[in-house]
Amino acid sequence: MSTTDTATTTGPREEIVVHLGAPEELLAVDPLAPLQAPQGEKVRGMPGVDELLGELLGRPRIRRPRRVVLTLPLAALSDDGVPARLETGLRRWCAARTERVERESRSLWRQGLWSLRGGVALFVVGLVLSTNFLDPDVPQFLQDVLGNGVFLVIAWIGLWYPLDLLFFARSPAKREMRALDVLATMPVEVRPRP
(Lines give C-alpha, C1' and ligand atoms only; values in the text may rest on other atoms or scores of the structure.)
Protein backbone atom coordinates (compact mmCIF):
# COMPACT_ATOMS: atom_id res chain seq x y z
CA MET A 1 0.00 0.00 0.00
CA SER A 2 1.13 3.54 -0.48
CA THR A 3 1.11 6.74 1.45
CA THR A 4 -1.45 9.26 0.25
CA ASP A 5 -2.54 12.72 1.28
CA THR A 6 -5.77 14.56 0.76
CA ALA A 7 -6.52 17.16 -1.89
CA THR A 8 -4.84 20.48 -1.31
CA THR A 9 -5.00 23.81 -3.04
CA THR A 10 -2.15 26.22 -3.47
CA GLY A 11 -4.30 29.32 -3.91
CA PRO A 12 -7.89 30.32 -4.59
CA ARG A 13 -7.50 30.00 -8.37
CA GLU A 14 -4.29 28.06 -8.60
CA GLU A 15 -4.30 24.28 -8.62
CA ILE A 16 -5.93 21.37 -6.87
CA VAL A 17 -3.38 18.75 -5.86
CA VAL A 18 -4.24 15.12 -5.11
CA HIS A 19 -1.57 12.65 -4.05
CA LEU A 20 -2.13 9.14 -5.37
CA GLY A 21 -0.24 5.99 -4.43
CA ALA A 22 -1.08 4.29 -7.76
CA PRO A 23 -2.86 5.39 -10.95
CA GLU A 24 -5.87 3.22 -10.07
CA GLU A 25 -6.53 5.29 -6.94
CA LEU A 26 -7.85 8.11 -9.11
CA LEU A 27 -11.07 6.15 -9.70
CA ALA A 28 -11.19 3.42 -7.04
CA VAL A 29 -9.63 2.42 -3.76
CA ASP A 30 -9.08 -1.00 -2.27
CA PRO A 31 -11.63 -1.44 0.53
CA LEU A 32 -9.25 -3.84 2.28
CA ALA A 33 -6.32 -1.41 2.25
CA PRO A 34 -6.82 -0.31 5.88
CA LEU A 35 -6.57 -3.96 6.97
CA GLN A 36 -3.56 -4.79 4.85
CA ALA A 37 -1.43 -1.64 5.18
CA PRO A 38 1.59 -1.70 7.48
CA GLN A 39 1.20 0.00 10.85
CA GLY A 40 1.43 3.82 10.59
CA GLU A 41 1.10 3.97 6.81
CA LYS A 42 -1.63 6.22 5.45
CA VAL A 43 -4.16 4.69 3.11
CA ARG A 44 -6.56 6.34 0.71
CA GLY A 45 -10.11 6.31 2.00
CA MET A 46 -11.78 7.60 -1.15
CA PRO A 47 -10.94 7.77 -4.86
CA GLY A 48 -9.01 10.82 -6.02
CA VAL A 49 -11.92 11.98 -8.22
CA ASP A 50 -14.14 12.22 -5.15
CA GLU A 51 -11.52 14.44 -3.48
CA LEU A 52 -11.35 16.64 -6.57
CA LEU A 53 -15.13 16.97 -6.76
CA GLY A 54 -15.37 17.55 -3.01
CA GLU A 55 -12.78 20.30 -3.23
CA LEU A 56 -14.79 22.11 -5.90
CA LEU A 57 -18.12 21.60 -4.11
CA GLY A 58 -16.61 22.80 -0.83
CA ARG A 59 -15.94 26.25 -2.24
CA PRO A 60 -18.49 29.02 -1.78
CA ARG A 61 -18.51 29.62 -5.53
CA ILE A 62 -17.48 27.09 -8.14
CA ARG A 63 -14.68 28.77 -10.04
CA ARG A 64 -12.23 27.22 -12.41
CA PRO A 65 -8.82 26.62 -10.80
CA ARG A 66 -5.85 26.77 -13.12
CA ARG A 67 -5.23 23.02 -13.16
CA VAL A 68 -5.56 19.65 -11.48
CA VAL A 69 -2.27 18.20 -10.31
CA LEU A 70 -2.03 14.47 -9.64
CA THR A 71 1.14 13.29 -7.95
CA LEU A 72 2.34 9.69 -8.11
CA PRO A 73 5.40 7.87 -6.82
CA LEU A 74 8.16 7.83 -9.42
CA ALA A 75 7.85 4.05 -9.80
CA ALA A 76 4.18 4.38 -10.79
CA LEU A 77 5.12 6.73 -13.62
CA SER A 78 7.45 4.25 -15.33
CA ASP A 79 4.85 3.73 -18.08
CA ASP A 80 4.71 6.70 -20.48
CA GLY A 81 0.96 6.35 -21.00
CA VAL A 82 -0.01 6.92 -17.35
CA PRO A 83 -0.63 10.71 -17.61
CA ALA A 84 -2.82 10.34 -20.70
CA ARG A 85 -4.75 7.45 -19.11
CA LEU A 86 -5.33 9.44 -15.94
CA GLU A 87 -6.63 12.44 -17.87
CA THR A 88 -8.86 10.26 -20.06
CA GLY A 89 -10.14 8.42 -17.00
CA LEU A 90 -10.97 11.70 -15.26
CA ARG A 91 -12.87 13.01 -18.31
CA ARG A 92 -14.83 9.75 -18.69
CA TRP A 93 -15.67 9.65 -15.00
CA CYS A 94 -16.95 13.25 -15.16
CA ALA A 95 -19.15 12.40 -18.17
CA ALA A 96 -20.58 9.29 -16.49
CA ARG A 97 -21.18 11.09 -13.19
CA THR A 98 -22.86 14.01 -15.00
CA GLU A 99 -25.23 11.57 -16.70
CA ARG A 100 -26.12 10.01 -13.36
CA VAL A 101 -26.71 13.37 -11.67
CA GLU A 102 -28.85 14.56 -14.60
CA ARG A 103 -30.98 11.39 -14.33
CA GLU A 104 -31.43 11.93 -10.61
CA SER A 105 -32.39 15.57 -11.17
CA ARG A 106 -34.97 14.62 -13.81
CA SER A 107 -36.34 11.98 -11.44
CA LEU A 108 -36.78 14.59 -8.70
CA TRP A 109 -38.56 16.86 -11.20
CA ARG A 110 -40.97 14.06 -12.17
CA GLN A 111 -41.59 13.23 -8.50
CA GLY A 112 -42.35 16.89 -7.84
CA LEU A 113 -44.82 17.07 -10.70
CA TRP A 114 -46.47 13.81 -9.63
CA SER A 115 -46.78 14.89 -5.99
CA LEU A 116 -48.16 18.26 -7.08
CA ARG A 117 -51.41 16.56 -8.08
CA GLY A 118 -52.16 15.26 -4.61
CA GLY A 119 -50.65 18.36 -3.03
CA VAL A 120 -52.99 20.71 -4.88
CA ALA A 121 -55.98 18.59 -3.85
CA LEU A 122 -54.86 18.69 -0.21
CA PHE A 123 -54.28 22.46 -0.52
CA VAL A 124 -57.80 23.06 -1.86
CA VAL A 125 -59.42 20.82 0.78
CA GLY A 126 -57.45 22.57 3.55
CA LEU A 127 -58.44 26.01 2.28
CA VAL A 128 -62.12 25.05 1.95
CA LEU A 129 -62.22 23.62 5.47
CA SER A 130 -60.29 26.60 6.82
CA THR A 131 -62.72 29.01 5.17
CA ASN A 132 -65.73 27.09 6.53
CA PHE A 133 -64.44 27.48 10.08
CA LEU A 134 -63.92 31.24 9.63
CA ASP A 135 -67.68 31.97 9.37
CA PRO A 136 -68.98 34.43 11.97
CA ASP A 137 -71.34 31.73 13.26
CA VAL A 138 -68.42 29.53 14.41
CA PRO A 139 -67.11 30.19 17.95
CA GLN A 140 -63.90 32.25 18.08
CA PHE A 141 -61.91 29.41 19.66
CA LEU A 142 -62.72 27.04 16.74
CA GLN A 143 -62.00 29.83 14.24
CA ASP A 144 -58.54 30.31 15.74
CA VAL A 145 -57.67 26.65 16.20
CA LEU A 146 -59.22 25.11 13.08
CA GLY A 147 -59.82 27.98 10.63
CA ASN A 148 -56.58 29.89 11.16
CA GLY A 149 -54.61 26.93 12.45
CA VAL A 150 -54.99 23.26 11.65
CA PHE A 151 -56.71 23.41 8.27
CA LEU A 152 -54.56 26.29 7.04
CA VAL A 153 -51.43 24.35 7.99
CA ILE A 154 -52.79 21.26 6.20
CA ALA A 155 -53.34 23.38 3.09
CA TRP A 156 -49.74 24.62 3.04
CA ILE A 157 -48.35 21.18 3.80
CA GLY A 158 -50.09 19.96 0.65
CA LEU A 159 -47.91 22.25 -1.48
CA TRP A 160 -44.74 22.18 0.59
CA TYR A 161 -43.31 18.83 -0.57
CA PRO A 162 -44.04 19.27 -4.31
CA LEU A 163 -42.67 22.82 -4.35
CA ASP A 164 -39.61 21.71 -2.41
CA LEU A 165 -38.92 18.97 -4.97
CA LEU A 166 -39.48 21.27 -7.94
CA PHE A 167 -37.44 24.23 -6.76
CA PHE A 168 -35.07 23.37 -3.91
CA ALA A 169 -34.23 19.64 -3.78
CA ARG A 170 -32.65 19.78 -7.23
CA SER A 171 -30.24 22.61 -6.41
CA PRO A 172 -27.46 20.33 -5.03
CA ALA A 173 -27.62 18.32 -8.27
CA LYS A 174 -27.36 21.50 -10.34
CA ARG A 175 -24.35 22.62 -8.29
CA GLU A 176 -22.70 19.22 -8.72
CA MET A 177 -23.25 19.37 -12.50
CA ARG A 178 -21.54 22.80 -12.59
CA ALA A 179 -18.61 21.40 -10.58
CA LEU A 180 -18.37 18.37 -12.89
CA ASP A 181 -18.36 20.66 -15.92
CA VAL A 182 -15.47 22.63 -14.42
CA LEU A 183 -13.59 19.46 -13.48
CA ALA A 184 -14.09 17.91 -16.93
CA THR A 185 -12.50 20.88 -18.68
CA MET A 186 -9.59 21.63 -16.34
CA PRO A 187 -6.06 20.87 -17.53
CA VAL A 188 -4.53 17.85 -15.78
CA GLU A 189 -0.87 17.67 -14.87
CA VAL A 190 0.77 14.53 -13.52
CA ARG A 191 3.88 15.03 -11.39
CA PRO A 192 6.28 12.49 -9.92
CA ARG A 193 6.57 12.33 -6.14
CA PRO A 194 9.66 10.96 -4.42
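Me: Which residues is Ser 115 in contact with, leaving aside its neighbours within four places in sequence?
Reply: Tyr 161, Pro 162 and Leu 165. Contact means heavy atoms within 4.5 Å. The model is predicted: local features need pLDDT of at least 70, side-chain atom pairs count only at pLDDT 80 or more, and totals for chains, interfaces and linings use all residues. Residues are numbered from 1 along each chain as its sequence is written, and side-chain values use heavy atoms, leaving out hydrogens and water.

Me: What makes Ser 115 count as buried?
Reply: Its relative accessibility is 18%. Buried means under 20% relative accessible area, exposed over 50%, and partly exposed in between (1.4 Å probe, protein chains only). So Ser 115 is buried. Ser 115 lies in helix α3. Helices (H or I, at least four residues) and strands (E, at least two) are DSSP runs, numbered from the N terminus.

Me: Why is the pair Arg 44 and Glu 25 called a salt bridge?
Reply: The definition asks for a side-chain nitrogen of Lys or Arg within 4 Å of a carboxyl oxygen of Asp or Glu. Here the N to O distance is 3.5 Å, so the pair qualifies. By this rule the count comes to 12 salt bridges.

Me: What does the pair of Arg 44 and Glu 25 tie together?
Reply: Arg 44 sits in the loop between α1 (33-36) and α2, and Glu 25 in the loop between β2 (15-19) and α1, so parts 19 residues apart in sequence are tied together.

Me: How do you know whether Arg 44 and Glu 25 are buried or exposed?
Reply: Compare with the cut-off for buried. Arg 44 is at 4% relative accessibility. Glu 25 has a relative accessible area of 14%. Both are therefore buried. Arg 44 also meets Glu 51 in a salt bridge, at 2.2 Å from N to O. Glu 51 is buried too.

Me: What makes Arg 67 and Glu 189 a salt bridge?
Reply: Their closest N and O atoms are 3.2 Å apart. That meets the rule for a salt bridge. The pair links strand β3 to strand β4 (residues 188-193), 122 residues apart. Arg 67, at 22%, counts as partly exposed. So does Glu 189, at 28%. Glu 15, Arg 67, Glu 189 and Arg 191 are linked in a network of salt bridges.

Me: How is the packing of α2 and α5 described?
Reply: Helix α2 (residues 48-57) and helix α5 (residues 171-185) pack at about 120°, with axes 10 Å apart. Axes are lines fitted to C-alpha atoms, for helices over the stretch in contact, and angles run from 0 to 180 degrees between N-to-C directions.

Me: Which residues of α2 meet α5?
Reply: Leu 52, Leu 53, Leu 56 and Leu 57. Their partners in α5 include Arg 175, Glu 176 and Ala 179. The contact of α2 with α5 divides into eight nonpolar, no polar and two charged residues. Ala, Val, Leu, Ile, Met, Phe, Trp, Tyr, Cys and Pro count as nonpolar, Asp, Glu, Lys and Arg as charged, and the others, Gly among them, as polar. Leu 56 is buried, with a relative accessible area of 0%.

Me: How does the reach of α5 compare with the expected value?
Reply: α5 has 15 residues and reaches 22 Å from its first C-alpha to its last, close to the expected 21 Å. The expected span is 1.5 Å times one less than the number of residues.
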